[in-house]
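Open your viewer and get ready to select a few things along the way. I have this chain on my screen too; can you walk me through it, stop by stop?

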Amino acid sequence: MDLPTRRRGDGPAVRSATHVGTPAPAQRLPVGNFGSGPLCLFLEPLGSDYWLRPGETFIVVGTGGEGQFQVDSVPGEVSVHVLKGDVREVKVVDSATGWVLPPGHGRTTV
């Protein structure tokens with residue numbers, strides 16, 4: 001497939017594919033535990049759980065654009081629903097370390 005050729009300034013010719021759209025900017029939703037006990041963050045619709053200790057903050061990061069997330073909460077639990085984009089592309093990041101967290105992070109067995 002031949003790509004259209006265009007020039008940038010006086011530099012060499014550059015081959016480029018047809019522009020198909022700008023990707024949505026990353027959406028960042030901080031979730032902090034300001035209580036005295038553990039807080040469970042559920043990522044829906046997958047049902048993945050991430051447990052925050054008091055004082056911890058996690059950041060839910062996605063690329064679904066504006067209005068990607070909806071938040072619901074009850075004591076001890078926060079549910080983040082992914083409304084736009086691919087839920088498998090959404091990551092939960094520890095704000096203190098920058099590490100992407102696996103589902104079940106911080107879960108304790110009884």
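Along the sequence, the pattern reads β-β-β-β-β-β-β-β-β. Helices (H or I, at least four residues) and strands (E, at least two) are DSSP runs, numbered from the N terminus. You are looking at a predicted model, where local features need pLDDT of at least 70 and side-chain atom pairs count only at pLDDT 80 or more, while totals for chains, interfaces and linings use all residues. Residues are numbered from 1 along each chain as its sequence is written, and side-chain values use heavy atoms, with hydrogens and water left out.

**Stop 1: colour by confidence**

Colour the chain by pLDDT, the predictor's confidence in each residue, from 0 to 100. The chain has a mean pLDDT of 82, and 75% of its residues reach 70 or more. Now select residues 1-20: here the pLDDT is below 50, and the stretch has 15 contacts in the model beyond near neighbours in sequence. A contact means heavy atoms within 4.5 Å. Where pLDDT is low, the predicted coordinates should not be read in detail.

**Stop 2: the three-stranded sheet**

Select β3, β6 and β9. These three strands form an open sheet in the order β3-β6-β9, with antiparallel pairing. Two strands count as paired if DSSP finds at least two bridges between them. Because β3 (27-32) and β9 (91-94) each have a single partner strand, they stand at the edges, and one side of each has no neighbour in the sheet. From one strand to the next, the twist averages 25°. Angles like this run from 0 to 180 degrees between N-to-C directions, with axes as lines fitted to C-alpha atoms (for helices, over the stretch in contact).

Zoom in on β3 and β6 (residues 57-62), which run antiparallel and are joined by six bridges. Which residue of β6 is the bridge partner of Gly32? Click on Thr57 to find that partner.

Stay in β3 and select Gln27, which lies in this strand. Is Gln27 buried or exposed? Gln27 counts as buried because its relative accessibility is 16%. Buried means under 20% relative accessible area, exposed over 50%, and partly exposed in between (1.4 Å probe, protein chains only). Leaving out residues up to four places away in sequence, Gln27 touches Val60, Val61, Gly62, Gly65, Glu66, Gln68 and Phe69.

**Stop 3: the four-stranded sheet**

Next, select β4, β5, β7 and β8. They form an open sheet in the order β5-β4-β8-β7, and the pairing is mixed. At its edges are β5 (48-52) and β7 (69-74), each pairing on one side only. The twist here averages 20° from one strand to the next.

Strands of a sheet pair through backbone hydrogen bonds, either parallel or antiparallel. Here is what to look for in this sheet:

- β4 (residues 39-44) and β8 (residues 77-82) pair in the parallel sense over five bridges. Phe42 stands opposite Ser79, and Cys40 has Glu77 as its bridge partner.
- β4 and β5 pair in the antiparallel sense, also over five bridges. Find Leu39 and you will see Leu52 opposite.
- β7 and β8 run antiparallel and are joined by six bridges. Asp72 stands opposite Ser79 in β8.

**Stop 4: the turns**

Follow β4 into β5. This hairpin has three residues between the strands, and Gly47 takes a positive phi near 80°. Pro45 is in the loop between β4 and β5, and the peptide bond joining Glu44 and Pro45 is cis, with omega about 15°. Then select the hairpin of β7 and β8: two residues lie between the strands, and Gly76 in the turn has a positive phi of about 85°.

**Stop 5: the inside**

Buried residues make up 30% of the 110 residues in the chain. In soluble globular proteins, nonpolar side chains tend to be buried together. A nonpolar core is a set of buried Ala, Val, Leu, Ile, Met, Phe, Trp, Tyr and Cys residues joined through side-chain atoms within 4.5 Å.

Show the side chains of Leu41, Leu43, Val60, Val80 and Val92: these have the most contacts inside the largest nonpolar core, which has 16 residues. The elements β4, β5, β6 and β8 each give two or more residues to this core. To finish, centre on Leu43, which is in contact with Ser48, Tyr50, Val60, Val80, Val82, Val90 and Val92, leaving aside neighbours within four places in sequence.
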